[in-house]
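Work through the exercises below with the sequence and the 3D structure in view. Each task is followed by a solution in steps.

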Amino acid sequence: MGRLFIVFSLPVILLLTVPLIKMTTGPSLAMLWETLGDKDVLLAIARSLGLSLTAGLLAFALGTPLSYLLARKEFPGKKIIEGIVDLPVMIPHPVVGIAILSLAGRTHPFGRFLSSMGIEIMGTRTGIVTVLIFVGIPFYVNTVKAGFESVPARLEYASRTLGAGTFETFRRVTLPLTWRHMVLGIIMCTARAISEFGAVVIVAYHPMTAPVMIYERFTAYGLKYSQPVAVWLILLSLTLFILLRLMSKSAVQYHR
Amino acid sequence: MIRLDNISLTFPGFAIENIDLTIREKDFFALIGPTGSGKSVLLEIIMGLIPFHSGRLLFNKKDMAQTPVEKRRLALVYQDFALFPHLSVAHNILYGIRYHGIKKNEGHRRLDDLANSLGLKRILDRKPHNLSGGEKQRVALARALILNPAVLLLDEPLSALDPEFHGEAKNLLKQIHQDMGMTIVMVSHNFGDVMYLANRGAVIHQGRICQTGDITSLFEKPDSLFTARFVGMKNIMPARILQGNVRVEGSDAVIATSAVPDIDQGYMGIRPEDIVLLSQGADNPGNSPNRFCGTITRVASQGMFVEVHIESGSLNFEAAWPRRYLRDFQIAPGRDATIAFSPQSVHVFQDYPVISGPA
């Protein structure tokens, strides 16, 4: 039985690893170093990282109350809200870009309202962060919701019976027991945002993020010039996910 | 004094109905009932964790409906103790002092006192997952007691403990009540524990109070079939009770009782330990009019005593006798036995739970 499972698991592992190994070993070391000397590449990677991290932190600020509500409270329409939160995982990401474009563009009253407030979505960092939150928030909310669910409500009740108000209970009981899930959620959201291309390319081709640059170099100059940028992006994502796995492991041990 | 005045609450598939209860100062009050009867819900209503739909909750005549949990100055110890897993034992115990105006120095002094009296000195730096059940319970009690609450609420405090800690924990609770003189409200489904600890109580069944009063009166004078069964009454038989005589359904026998009420369709019950053995002069029956000759049908060991079933005509009695009777009086299935019980030990009650008024 075990051997059979290994035989069936192998194709999956090969499918995930072979193309990536092929690509990462494709460019020579010299070329990789040369790519690191390209100011545009560094800027695009730094931009991807910075804007994705911003999206992750905003998901923390905006998604934590929602995660808590979904984990702790029963209310009419809860299942619908949960479905809406999961929606970005399912819909094609160019559709996300088009949806935001149709709402925040100058042809829509809301877009004109934002513009009058000095907020520009199209072709700006604000626009990129907006779509990155859109695609990344399900990862944050679901991770943190699971964290809140893992804390028995009785611990919060016990805190209240000992005299702590709701905010103090959250600060002294819920937060210390769930902060690892929040960090995990931020990493998940950030990692998802780093890889986003479909929605970003519609809302903001410029300023250029790393995935958009890889696409541009591929279409303009071919495989050889897009590969080194892709390698650096993969290494970055790999580092993030190893970090993620280590974090989740320690979070599990903590709750045991 | 805590007063629950006609409190009702409805959940999907379950309801707490018209609860009238008075818990006096310094009472050790037990809310007794089987699992799912609503007793823990009642405790959480008193604590303020569950809002009720109608009625009033008064503490010393003050309406508590709008008082949040943290302002009630009650302490609740959960069945699973609900210790904070990320805090050490000491920090668990000290958790609430800042909300009760207790200064840090005073808090540490109380911590030392409690650690000494509850035997927690060696484990103050440990995390809860490294503690035994008994230790967890003592920490949870210390965490509540350090705040010197007016009322201590205990939700099934003994049911999560291993048998080796059970007796020790019972003595500890009794000692706390005696030494600190505080009001304690305890939820329990074990009438033995309640008999040992509480002075007053209420029996709850399906969200309604069946009977309230002194624990001894609950034990000795159950006024409903449910309470009778719950407090360990045996020999329960459908009967008609008229002017001190019990006529058991399907039998010609007349049993004398000292119970006053006439009940047309009710039940009688006799505690098995109240049935004495007359054969070979084993027990002194006094001048009891209730004497029956029969045959022993079953003998079952129950540890310290033996459970003996005696068939007398159409009546079947269950008696609980000391183990030595097996040897001294040759108690065995098939042997004849004469038994007796006093009219005072014949209890009568009705079929349906009687909803008591204020205790």
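**Exercise 1. Backbone angles and exposure**

Task: state whether B:K61 is buried or exposed, where B:K61 is found, and what its phi is. Then do the corresponding work for B:N6.

Solution.
Step 1. B:K61 has a relative accessible area of 73%, so B:K61 is exposed; buried means under 20% relative accessible area, exposed over 50%, and partly exposed in between, with a 1.4 Å probe and protein chains only.
Step 2. B:K61 sits in the loop between β4 (54–59) and β5 (62–63) of chain B. Strands are DSSP runs of E of at least two residues, helices are runs of H or I of at least four, and both are numbered from the N terminus.
Step 3. The phi of B:K61 is positive, about 70 degrees, although B:K61 is not a glycine. Most residues other than glycine have a negative phi.
Step 4. B:N6, also not a glycine, has a positive phi of about 55 degrees. B:N6 lies in strand β1 of chain B and is partly exposed, at 35% relative accessible area.

The model is predicted: local features need pLDDT of at least 70, side-chain atom pairs count only at pLDDT 80 or more, and totals for chains, interfaces and linings use all residues. Residues are numbered from 1 along each chain as its sequence is written, chains are lettered from A and ligands numbered from 1 in the order in which they are written, and side-chain values use heavy atoms, with hydrogens and water left out.

**Exercise 2. A residue in β1**

Task: which residues does B:L4 touch, not counting residues up to four places away in sequence?

Solution.
Step 1. Find B:L4 in strand β1 (residues 2–11) of chain B.
Step 2. B:L4 has a relative accessible area of 0%, so B:L4 is buried.
Step 3. Its contacts (heavy atoms within 4.5 Å) are B:I19, B:D20, B:L21, B:L42, B:I46, B:R56 and B:L57, with residues up to four places away in sequence not counted.

**Exercise 3. Helix α8 of chain A**

Task: what do the buried residues of α8(A) pack against?

Solution.
Step 1. α8 of chain A covers residues 153–161, and A:L155, A:E156, A:A158, A:S159, A:R160 and A:T161 are buried there.
Step 2. In chain A, these buried residues pack against α3 (39–72) and α9 (166–194). In chain B, they pack against α1 (39–47), β6 (74–77) and α4 (133–145).
Step 3. Just after α8(A), A:G163 takes a positive phi of about 110 degrees.

**Exercise 4. Between the chains**

Task: how many residues of chain B are in contact with chain A, and how many salt bridges are counted between them?

Solution.
Step 1. 25 residues of chain B are in contact with 19 residues of chain A.
Step 2. The count of salt bridges (a side-chain nitrogen of Lys or Arg within 4 Å of a carboxyl oxygen of Asp or Glu) is four.
Step 3. The side chains of A:R160 and B:E70 form a salt bridge, 2.6 Å from N to O.

**Exercise 5. A peptide bond**

Task: is the peptide bond from A:H206 to A:P207 cis or trans?

Solution.
Step 1. Omega is near -10 degrees, and the bond is cis. Most peptide bonds are trans.
Step 2. A:P207 is in the loop between α10 (198–203) and α11 (210–221) of chain A.
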